[in-house]
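Here is a short report on a structure that may be new to you. Keep the view open as you read.

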Amino acid sequence: MMDASELALLILRDMVFCFAAAALYSTLMRSPVSSIPPSAVTAAVGYTIYDVVYRNFGQELLGYFLGTLLIAAAAEILARIMRMPATVFIFPGIIPLVPGIGLYQTMLCLVRSEYEQAASSGTKTLFIAGIMALAIAAVNTTARIIKGILKKSKPLKSK
Amino acid sequence: MIIIDEYNIDGKGSADRGEYASRILEIALLSGILVLESGGETYRAEETVNRICGAGGFPESEVIAQPTGVFLSLVRCDAGACRETLTAVERIKKRSIDLLKLERTNSAARKFVSGEADDIETLETLRILSRPPDKSASGKLRSLRSGGIAALSIFFFTLLYSGSALDAVIAAAAGFVVQLLASLLSRADIYNFMLSLLGGAVIALFAVAADTICLRLGFTGLNIDRVIVGGIIPLLPGLAMTNAIRDTMTGDLVSGTARFAEVLLTAVAIAGGVGAVLTLYIMLGGKV
């Protein structure tokens, strides 16, 4: 077992790596320059949430869900503040969490005709991608509902 | 009940009206195409088109957006009865993630809907956005730059996914070469599938070559697996997979299935490229 300070240092190190990787990757996706720092910070925080939940509670899927939930929520808020589509913040944000490697490993197992392993890692990958999509969709729907309520509660201005 | 004359085409002759309608048609179609081309979600493309049609005075219009094309019917209603339908179809050949283009398209559409920009201005903005990027003088420098950025990004990703510093350096070098190859081959209009296959093979080649050299030098700190996983990160369709599921969830079943097919094929191609090289390496007596 690691002691707390060692673990904190490890998490901090991963956050720095994650920030740098996401910032550079969003440059590859041609993000608008002003959106890169906030989306890289969201990426790092989201990944850390996943990491902490996974490490401390052993719940991998829950980690993915909560991490993505935070990234999507931050993206919706940033989208309102900076007047850009939420997608501009969601894509770079979820890049470190997205199960690309699982997908690759599944296919590699298939290529090597290790079907049992392919089935298990394929199912896991599908569930991860599904739960991340669910988190994004949940935040998006909530944002729409809130937007609808705010619009309704405002008295109609002179038209 | 909506009557066109309530909108900003008051007092114009029927020729002007026809011109106006075809401008709205082009604005709506272009914005839908641009959203999909730059990696936007299908529901976003349809929503954008619907808003533009509504703001332009054609709220009864219908649109179907798919990753491979947009179908749009602009319905012109007069005194509550539908008089005329203008239809446009456009094929989408290339899709990539270009968040700047997405953002610009979105803001152009928003300005048109809110009335900040008129139809002629908006059409001009969208036409400029839909022009292919110039491939001349600065092209080479740009692909070098994006190669460098990809390499640095891979470096940090490899470290994040528990690779050693040496793994990260080798993966970054491989990623740099693959990125250069990608921009070289995108000019030759090569299929995405081929690019993934080639990319996977090149990265695996880098990994086994580095491994061989390290073993000759009596050094065992290199992990082939980590190098490959780090190097292929920009090629992997993880984001596309999440988007495919999202599309399916929002009811865009055709788009979702189509994107899924693309994801699976890309992943198979990458794994095939890597697998071929690794198999060859093992046959020649290497250890993975």
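## Surface of chain B

Chain B exposes about 13700 Å². Carbon and sulfur atoms supply 61% of that area. Accessible areas come from the Shrake-Rupley method with a 1.4 Å probe, and for residues only the protein chains shown count as cover.

The model is predicted: local features need pLDDT of at least 70, side-chain atom pairs count only at pLDDT 80 or more, and totals for chains, interfaces and linings use all residues. Residues are numbered from 1 along each chain as its sequence is written, chains are lettered from A and ligands numbered from 1 in the order in which they are written, and side-chain values use heavy atoms, with hydrogens and water left out.

## Fold and dimensions of chain B

Chain B has 10 helices and three strands. Along the sequence the pattern is α-α-β-β-β-α-α-α-α-α-α-α-α. Helices (H or I, at least four residues) and strands (E, at least two) are DSSP runs, numbered from the N terminus.

The C-alpha atoms of chain B fill a box of roughly 85 × 40 × 30 Å, taken along the principal axes. The radius of gyration of chain B is 24 Å, whereas a compact globule of 288 residues would have one near 19 Å. That radius is taken over C-alpha atoms, and the globule rule is 2.2 Å times the number of residues to the power 0.38.

Of the 288 residues of chain B, 50% count as buried. Buried means under 20% relative accessible area, exposed means over 50%, and partly exposed lies in between (1.4 Å probe, protein chains only). Contact means heavy atoms within 4.5 Å. Among contacts in chain B between residues at least 6 apart in sequence, 64% join residues at least 24 apart.

## Charges

Chain B carries 27 positive and 30 negative charges, and their mean positions are 9 Å apart. Chain A has 14 positive and 8 negative charges, with mean positions 27 Å apart. Lys and Arg count as positive and Asp and Glu as negative; His and the chain ends are not counted. The place of a charge is NZ of Lys, CZ of Arg, CG of Asp or CD of Glu.

## Buried spots in chain B

B:Gln66 lies in strand S1 (residues 62-66). B:Gln66 counts as buried because its relative accessible area is 19%. Beyond its neighbours within four places in sequence, B:Gln66 is in contact with B:Leu36, B:Phe71, B:Ile92, B:Val254 and B:Ser255. B:Ser61 sits in the loop between helix H2 (42-56) and S1. B:Ser61 is buried too, at 7% relative accessibility. With neighbours within four places left aside, B:Ser61 is in contact with B:Asn50, B:Cys53, B:Ser73, B:Leu74 and B:Val75.

Why is helix H8 (residues 224-231) of chain B largely enclosed by the rest of the structure? Six of its eight residues are buried. They are B:Ile224, B:Val227, B:Ile228, B:Val229, B:Gly230 and B:Gly231. B:Ile270 belongs to helix H10 (residues 253-283). B:Ile270 is buried, with a relative accessible area of 0%. Leaving aside neighbours within four places in sequence, the contacts of B:Ile270 include A:Tyr104, B:Ser196, B:Gly200 and B:Ile232.

## Where the chains meet

The contact takes 52 residues from chain B and 47 residues from chain A. The area buried between the two chains is about 4500 Å², of which carbon and sulfur atoms give 75%. B:Leu99, B:Leu160 and B:Leu239 supply 15% of the area that chain B buries against chain A, more than any other three residues. Buried area is the accessible area (1.4 Å probe) that two parts lose on being put together, summed over both.

## Chain A

Chain A has six helices and zero strands. Its C-alpha atoms fill a box of roughly 70 × 40 × 35 Å along the principal axes. Of the 159 residues of chain A, 47% count as buried. The accessible surface of chain A comes to about 8300 Å², of which 68% belongs to carbon and sulfur atoms.

A:Arg30 is in the loop between helix H1 (4-28) and helix H2 (36-57) of chain A. Phi of A:Arg30 is near 55°, a positive value in a residue other than glycine. A:Arg30 is partly exposed, at 43% relative accessibility. A:Ser113 is in the loop between helix H5 (100-111) and helix H6 (115-153). A:Ser113 has a positive phi of about 50° although it is not a glycine. A:Ser113 is partly exposed, with a relative accessible area of 44%.
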